[in-house]
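Please open the model in your viewer and keep the sequence panel beside it.

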Amino acid sequence: MAILLYRLGRLSFRRRGRVLALWLLLLALLGGGAAAFSGPTTSKFSIPGTESQKALDALSREFPQAGGATGTIVVAAPEGGKLTPQAVAPVTGEAARVPGVLAAVDPFVSKAVSQDGRYALIQVQFTTGVDGITDAQREAFSKAGASVADLRVEHGGEIMRGVPEVGSTEVIGVGVAALVLVLTFGSLVAAGMTLLNALVGVAAGMAGLFALSSTVELTSTAPILALMLGLAVGIDYALFITSRYRTYVEDGMDGEEAAGRAAGTAGSAVVFAGATVVIALAGLAVAGVPFLTVMGLAAAATVALAVLVSLTLLPAVLGFAGVRVLPRKQRNLDRTSGVASAEAHGGAGTGFGFRWGRVVARLRVPLLLVGVIGLGALALPLQDMRLALPDASTEAEGSPNREAYDLTTRGFGEGFNGRLIAVVSGDTPEATAAAAAAAAGLITKTDGVLAVAPPQKNERGTTALLAVIPETGPTDAATEDTVNAIRDRVESVRGASVALTGATAVGIDVSEKLAHALPVYLLLVVGLSVLLLMLVFRSILVPVKAALGFLLTIGATFGITVAIFQQGRLADLVGLDTPGPLVSFLPILLIGILFGLAMDYEVFLVSRMREDFVHGSDARESVVSGVGHNARVVSAAAIIMTAVFGGFVLMHDPVIKSIGFALAVGVLVDAFVVRMTLVPAVMHLLGRAAWWLPRPVDRILPDLDIEGERLQQEIPVQRPAAELTKV
């Protein structure tokens with residue numbers, strides 16, 4: 001693979017004009033496709049085959065007028081006052097006249113008025129599902145009741161659920177990344193080129209994603225996740241290849257040869273690292289959750305594009321940049337003697353990375369103990385982790401949905417925000433009516449149920465709906481117990497089927513399915529890491545050490561995230577208004593992404609250790625060399641990734657905020673604690689045994705040549721005194 005990438009790098013450098021033109025053409029085509037075929041994203045989270053989803057599917061067939069989106073208007077009288085039918089009627093009438101509304105139910109008819117008479121709930125039923133609601137309809141709904149001056153009117157429900165959008169906060173992360181690149185390279189050209197390379201990959205990925213959005217159902221978080229990952233890995237991959245390119249130039253190679261060597265060595269590591277991210281993200285399909293599969297594939301495609309851009313467009317841009325990728329003071333030095341390289345690095349083995357590598361070698365046992373115990377302590381909150389789909393209770397304070405949620409809670413209790421729907425389906429109207437009466441009686445006697453409304457029947461009378469109000473809120477652990485208790489009780493109903501659904505039940509089913517899939521996926525990812533690293537490093541203990549380090553990263557990251565986002569500790573630091581359960585797909589998503597990123601740093605650090613070891617260095621010096629040569633670049637890459645992910649913490653949406661925070665913390669923990677400290681400490685303890693591989697296994701495994709050893713043997717390094725291309 002190294003030889004193939006070497007030739008690709010040289011070709012891209014030599015034919016840089018054509019390569020650049022091809023990428024610009026591809027961007028134009030994808031951009032045109034996005035403009036022509038872009039479709040809406042969805043905020044639905046559902047899993048086919050669950051009881052709640054089956055009930056919703058049955059409703060769309062048998063009771064279509066009850067299968068559309070719903071909205072809730074909360075009306076409150078001034079303190080000390082009471083609502084009257086005449087005062088509320090204008091609000092109900094305006095809601096009924098909103099385009100696409102099937103019905104707006106008078107709260108005095110449905111008895112949705114609080115005991116003190118101060119609060120009322122107007123239920124609004126739309127003809128289409130939530131994804132069919134237009135912005136104009138949503139705007140008209142939010143203005144219903146605006147003519148009533150002396151009442152407080154708040155608008156909530158599923159149609160008012162906030163949709164996260166990319167905003168200016170992400171620019172902060174990109175700005176920090178640009179600053180780190182300038183400090184790392186000492187060259188504005190090299191920093192700008194690296195950043196531009198990543199942005200091209202992200203633009204292509206996002207355009208392609210939106211071009212497919214009209215035919216593939218994308219959740220609202222999928223494009224943001226793809227943007228988040230595409231930016232982070234795109235900058236990192238370009239950083240690694242550019243750094244290696246500069247090293248070769250400083251060693252006296254001409255531009256084309258340096259580009260080829262960089263693509264063949266660092267590029268090989270980028271291909272492997274990118275492949276692990278892609279495989280881990282595509283592996284999210286094992287959970288059997290369609291929306292999660294789409295999210296994983298969307299992000300995987302963006303990462304794959306980032307790899308392709310780094311291997312083709314980056315060498316071409318390096319050709320255009322010429323000597324300007326180097327700091328100004330190094331551009332005119334005589335690099336053929338190797339003096340420039342020594343000056344650039346401050347002398348062999350004297351940089352911070354080498355000093356840190358020797359510190360780890362000397363204090364390997366204390367550092368290992370402190371690191372493992374510390375990460376274990378950070379993971380302790382993990383045992384209290386709760387998962388749920390997001391609801392209005394955790395939306396940003398001041399948002400319409402949050403205001404409606406809080407006002408409903410104040411007037412009626414939290415349970416009215418998490419109403420359940422029991423769907424009773426029979427073959428005849430008589431059987432359905434009898435089953436509905438029996439189910440209502442059983443549900444009413446269930447602990448945790450506040451009230452059960454009279455049944456609503458479809459035109460044929462074969463399907464009936466029972467609105468169930470729990471005592472607790474949608475994401476409360478007690479509500480989950482109530483849902484399970486109701487399902488157990490109604491199993492005894494004969495003559496018709498009874499299924500429990502509603503947004504709360506859907507959320508519980510999705511969370512349960514993902515919780516069951518999590519151990520399987522974690523086992524798959526850990527097993528995959530052991531196998532892939534065994535192929536790369538031809539070792540047994542190195543992959544096992546990498547997998548155990550990954551588990552420490554995951555545990556500490558989950559623990560910190562639970563402590564802040566669920567338990568509310570230091571929540572103000574991340575701008576979190578209300579703590580609550582973690583979004584149910586965060587753990588499995590986090591495992592997939594952090595696995596790929598952890599393997600990135602593992603490959604970049606340990607491949608240099610192995611490279612020096614196979615070339616004759618002893619085990620200790622090869623570890624110090626691996627840390628010394630890569631510490632600067634890995635540190636810069638980790639800071640860049642943290643900055644990019646951290647930019648999303650500033651968004652108001654709590655789901656995106658939690659994902660960005662968890663990824664930022666995970667990268668920091670993995671790069672600086674696990675890979676830069678624990679990994680070399682363990683490698684020093686293992687010594688030569690780290691590279692042991694049974695001979696039968698050695699003969700079976702293919703040689704991937706990540707370090708470019710075969711490239712060095714077949715195409716020895718030539719250092720002509722040729723000058724870099726100047727433009």
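Which residues in α15 meet which residues in α23? Select Arg364, Val365, Leu367, Leu368, Gly371, Val372 and Leu375 in α15, and you will find that they meet Val669, Val673, Val674, Thr677, Leu678, Ala681, Val682, His684 and Leu685 in α23, where contact means heavy atoms within 4.5 Å. This is a predicted model, in which local features need pLDDT of at least 70 and side-chain atom pairs count only at pLDDT 80 or more, while totals for chains, interfaces and linings use all residues. Residues are numbered from 1 along each chain as its sequence is written, and side-chain values use heavy atoms, with hydrogens and water left out.

The contact of α15 with α23 divides into 12 nonpolar, 3 polar and 1 charged residues; here Ala, Val, Leu, Ile, Met, Phe, Trp, Tyr, Cys and Pro count as nonpolar, Asp, Glu, Lys and Arg as charged, and the others, Gly among them, as polar. Now show both helices whole, α15 as residues 364-378 and α23 as residues 654-686: their axes come within 9 Å and cross at roughly 140°, which makes α15 oblique to α23. Angles under 35 degrees count as roughly parallel, over 145 as roughly antiparallel, 65 to 115 as roughly perpendicular and the rest as oblique. Axes are lines fitted to C-alpha atoms, for helices over the stretch in contact, and angles run from 0 to 180 degrees between N-to-C directions.

**The whole chain**

Along the principal axes, the C-alpha atoms fill a box of roughly 90 × 50 × 50 Å.

**Two further helix pairs**

Select residues 503-537, helix α19, together with residues 541-566, helix α20, which pack at an angle of about 145° with their axes 8 Å apart. On the α19 side the contact includes Leu522, Val525 and Phe537, and on the α20 side it includes Pro543, Phe550 and Leu551. By class, the residues of this contact of α19 with α20 are 13 nonpolar, 1 polar and no charged.

Next, select α10 (residues 255-264) and α11 (residues 266-282), whose axes come within 3 Å and cross at roughly 35°. Here Ala262, Ala263 and Gly264 in α10 meet Ala266, Gly267 and Ser268 in α11, and the contact has 3 nonpolar, 3 polar and no charged residues.

**The sheet**

Finally, turn to an open sheet of 4 strands in the order β2-β3-β1-β4, with antiparallel pairing; two strands pair if DSSP finds at least two bridges between them. Its edge strands, β2 (101-105) and β4 (152-157), each pair on one side only. Strand β1 (residues 70-76) is joined to strand β3 (residues 119-126) by 7 bridges, and Val74 stands opposite Leu121 in β3.

Key: Helices (H or I, at least four residues) and strands (E, at least two) are DSSP runs, numbered from the N terminus.
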